[in-house]
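Thanks, everyone. Please have a look at it first.

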Amino acid sequence: ADAKVGKGALAAATAVMARFTPKGHGVVQLILPSCMQLVDDKNWKVRVVGLKLLPACLGQMQHTTKQLSELLSRLLPQLLEGPLMEPRKEIQEAARETLEVIGKLVRNSEVSALSKDIVRAVADPANQKHTQDALAKLGSTTFMNYIDAASLALLVPIMARGLKEREQKSRKWSAQILGAIVTLVKDIEYLRPYLPQMLPLLQECAVDPTYEIQREAAKAFGMITQELPGWSRSHLQPWLCQSVMSSDLGIALGSAHALSEVLLRLGRRPRDEIMAAIATGARSPEPMERRGFLLLLDFLLDAFKNDFVPYIRLAFPAMLAGVLPEPEDPGLRACEALVQRFGAACPELLLPGLEDIFYICQHDTFVFPTALKHVGTYHCGKLHWQMRETYLKLLLKLCDKILEHRKFGQDMLTCEDCSSRKVREQIMVLLEVLKEDPEAQVQRQAKHILRQCGGMAKSTKELMPLIEAKLLRMREDPACAAKRRSAEAFLKSLAEA
């Protein structure tokens, strides 16, 4: 800070640091703490000296990547909040020189190619155009190489700024870049110091009403869970599980989407335990809890794809039990999505759930979950026939998926390219039984589905031994009074005929 000896002292200090051994470690222990104090000094000349000493420190620390990562995670925020926002030109120029040195330390080829644009964006936080230009170029870049500490330090401020932007593309690109670099960081510990800063911003994007932003944030959460499962379990998953039950539909949707990506990245054992809890939550009498877990099951279908098959027997009955006679009901939407995806591939896993729910919903003890838009509960005595009609629509969808594989002249029984004959016979037998339902609307719909499946007097005669065996089993079922009543009524009508 002394005008007479300042330049010589600065040159001497720089020369001394260049000869420190062992490389990096001596600077970290002896010099760096003093430099950081100088940068925060009240005297602007002292601050300039501290900033001009930093490039020499950084040059030494390229040999100690862990210490470099820790330094940059503290230094960049300090520069952005202080020197780069200073009105004095000398301080700004010294801070920019430090940023340029950090840019030269970059080892990642993709980030190095864009280092000028990135440094310019970081050095001028008030200029949104620089940030958007850098994000646009980064968003169109395919990262193929490991991300080193210097690259990460330059990318984080731009991503953080982009996640705060109102402009949708900037938020989407920022979440997308974060998700991409998580798996490419050379040492995952480089990322840990930045997570407290990034998590709140990513949470806001996860519940953004724009689907593209929500999707990229959800993927980023999934990548973080894959690389840092312990951190995800302690910081991320509790927030998602709580938010998925929010009364705000937008928050519940975004949280369900993000949680589906997180579960996708978990191992099989923890996933199995969580799926059992989700199935229980989907049956909850609490409306927000029920809705949240049904939304989650809907997203899990898209996330897991064929990996969802082992959970169909567990999840499908819970989805069916959560269906309500309301427009845009999440339970019905989840059921339709499940039948659409797996109706042709594994109808044998879907059929038992559909058959059971037809009779379970007729029990006097079965109470539908609390309505989302009404006070109180739906009681089965008032609307179980409406629910059976709704379940028949799902059965029709299942039949349509199977019949997509039929050839000319084939019907449900002769369509051999999809499922087994035993399963197709079970579907036809169930329709024959439902054809005798006491409610006229349910009867009509069951007969309509039978006709579409090729059901007629000839097929009924062919299936009669199976129908009789089915009715006898239903009549002896100790757990379901509705099945016993339906079987006795049908057998009585057969005897009279």
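Take the contacts in the protein chain with a separation of 6 or more: 68% of them are between residues 24 or more positions apart. Keep in mind that this is a predicted model. The chain has 24 helices and 2 strands. Of its 497 residues, 53% are buried.

Now the inside. In soluble globular proteins, nonpolar side chains tend to be buried together. Here, the largest nonpolar core has 157 residues. Which of them touch the most other members? They are L297, F308, F316, M319 and L395. And which helix gives this core its largest share? That is helix α9, residues 149-164, with 11 residues.

Last stop: two helices. Helix α16 covers residues 287-304, and helix α18 covers residues 330-342. Their axes come within 9 Å and cross at roughly 20 degrees. Angles under 35 degrees count as roughly parallel, so α16 is roughly parallel to α18. The crossing is left-handed.

Who meets whom? From α16, we have R290, R291, L294, L295, D298, L301 and D302. Facing them in α18 are P330, G331, R333, A334, A337, L338, R341 and F342.

Key: Residues are numbered from 1 along each chain as its sequence is written. This is a predicted model: local features need pLDDT of at least 70, side-chain atom pairs count only at pLDDT 80 or more; totals for chains, interfaces and linings use all residues. Side-chain values use heavy atoms; hydrogens and water are left out. A nonpolar core is a set of buried Ala, Val, Leu, Ile, Met, Phe, Trp, Tyr and Cys residues joined through side-chain atoms within 4.5 Å. Buried means under 20% relative accessible area, exposed over 50%, partly exposed in between (1.4 Å probe, protein chains only). Helices (H or I, at least four residues) and strands (E, at least two) are DSSP runs, numbered from the N terminus. Axes are lines fitted to C-alpha atoms, for helices over the stretch in contact, and angles run from 0 to 180 degrees between N-to-C directions. Angles under 35 degrees count as roughly parallel, over 145 as roughly antiparallel, 65 to 115 as roughly perpendicular and the rest as oblique. A crossing is left-handed if the near helix is turned anticlockwise from the far one by less than a right angle, and right-handed if clockwise. Contact means heavy atoms within 4.5 Å.
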